[in-house]
Amino acid sequence: MRGHVLILGGTGEARRLAAELAADPGLRVTSSLAGRVARPRLPAGEVRVGGFGGPEGLARWLREHRVDALIDATHPFADTISRNAALATAATRVPLLALRRPGWTARPGDDWHPVASLAEAAGLLPALGERVFLTTGRTGLAAFADLTGLWFLVRSVDPPQPPFPPRTEVLLARGPFTVEGETELLRRYAVDVLVTKDSGSGATAAKLTAARQAGLPVVVVRRPELPEGVPAVRDVAGAVAWLRGRAG
């Protein structure tokens, strides 16, 4: 393979893809990180950190750096950059692929409550429990700020951004997590309802098993749809095959 590949990422899949592509001497690989995590795990190859300035700024970067293909391997809920990537590649005619891990699937014994947004999740909580394990990341907590009668355990890699509920305890941690560890956490904090986004990540799926075994309800925020017309693959092998197909 030849040329310059830009990977929009920060996910585990993005790092694995960068490592595989960077081993090819014919490829220049640049990974772009949003810069929202204080100490990110850096991928192989070149790395840039920060935003592009909307779709126009990304289109300009693609032209200036002679990018031959763009792979959107961002978090499934990073819908703004995914929309910007679709607009920028349409303007520049740079081929675009989305790399998206599969979402989670409910299993027998799960008590899942799917919702479309954090606001909808907040509306369900008073009827489901009083002690909430909130694992939706450090942003967007304002949706729960008015739930003064509930207690929240918020887990994130970096400290969350206010506003957030007044009765909140913050747990800073980075996965992967184990079922045993998650089970002990639910017991220690007397959690009676879990809120999560359908990230599909195996590194954080243990909480779902722990909640199932404990008989707890789980509010699952559905992931946004990809922009119309953007092709997608489910794993790194699929992304590499797509690149090789274009090279061939």
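Helix H6 lies across S6, S7, S8, strand S10 (193-197) and strand S11 (217-221), and it runs at about 155° to S10. The model is predicted, so local features need pLDDT of at least 70 and side-chain atom pairs count only at pLDDT 80 or more, while totals for chains, interfaces and linings use all residues. Residues are numbered from 1 along each chain as its sequence is written, and side-chain values use heavy atoms, with hydrogens and water left out.

Some terms come first. Helices (H or I, at least four residues) and strands (E, at least two) are DSSP runs, numbered from the N terminus; two strands pair if DSSP finds at least two bridges between them; and contact means heavy atoms within 4.5 Å. Axes are lines fitted to C-alpha atoms, for helices over the stretch in contact, and angles run from 0 to 180 degrees between N-to-C directions.

Strands of a sheet pair through backbone hydrogen bonds, either parallel or antiparallel. Here an open sheet of 6 strands has the order S6-S11-S10-S7-S8-S9, with parallel pairing. At its edges stand strand S6 (111-115) and strand S9 (168-172), each of which pairs on one side only, and the twist averages 20° from one strand to the next. Strand S8 (residues 151-156) pairs with S9 in the parallel sense over 5 bridges, and Ser156 has Leu172 of S9 as its bridge partner.

H5 lies across strand S7 (131-135), S8 and S9, running at about 155° to S8. In H6, the buried residues (under 20% relative accessible area, with a 1.4 Å probe and protein chains only; exposed is over 50%, partly exposed in between) are Ala206, Lys207, Leu208, Thr209, Ala210 and Ala211. What covers these buried residues of H6 includes S6, S7, S8, H5, S10 and S11. Just after H6, Gly215 takes a positive phi of about 70°.

The table sets out two pairs of helices whose axes come within 8 Å.

| Helix pair | Axes come within | Crossing angle |
|---|---|---|
| H2 (residues 54-64) and H3 (residues 79-92) | 8 Å | roughly 50° |
| H5 (residues 179-188) and H6 (residues 206-214) | 8 Å | roughly 55° |

H5 and H6 are therefore oblique to each other, given that angles under 35 degrees count as roughly parallel, over 145 as roughly antiparallel, 65 to 115 as roughly perpendicular and the rest as oblique. H5 passes H6 in a right-handed crossing, a term used when the near helix is turned clockwise from the far one by less than a right angle, with anticlockwise giving left-handed. The contact is made by Val179, Glu182, Thr183 and Leu186 of H5 together with Ala206, Lys207, Thr209, Ala210, Ala211 and Gln213 of H6.

The crossing of H2 and H3 is right-handed. Among the residues that make this contact are Leu58 and Leu62 of H2 and Leu87 and Ala88 of H3.

Another open sheet of 6 strands has the order S3-S2-S1-S4-S5-S12, with parallel pairing. Strand S3 (46-49) and strand S12 (232-233) stand at the edges with a single partner strand each, so one side of each is left without a neighbour in the sheet. Strand S4 (residues 69-72) runs parallel to strand S5 (residues 96-99) and is joined to S5 by 3 bridges, with Ile71 standing opposite Leu97 in S5. Helix H7 (residues 236-247) packs on this sheet, touching strand S1 (3-9), S4, S5 and S12, and the direction of H7 makes about 165° with that of S4.
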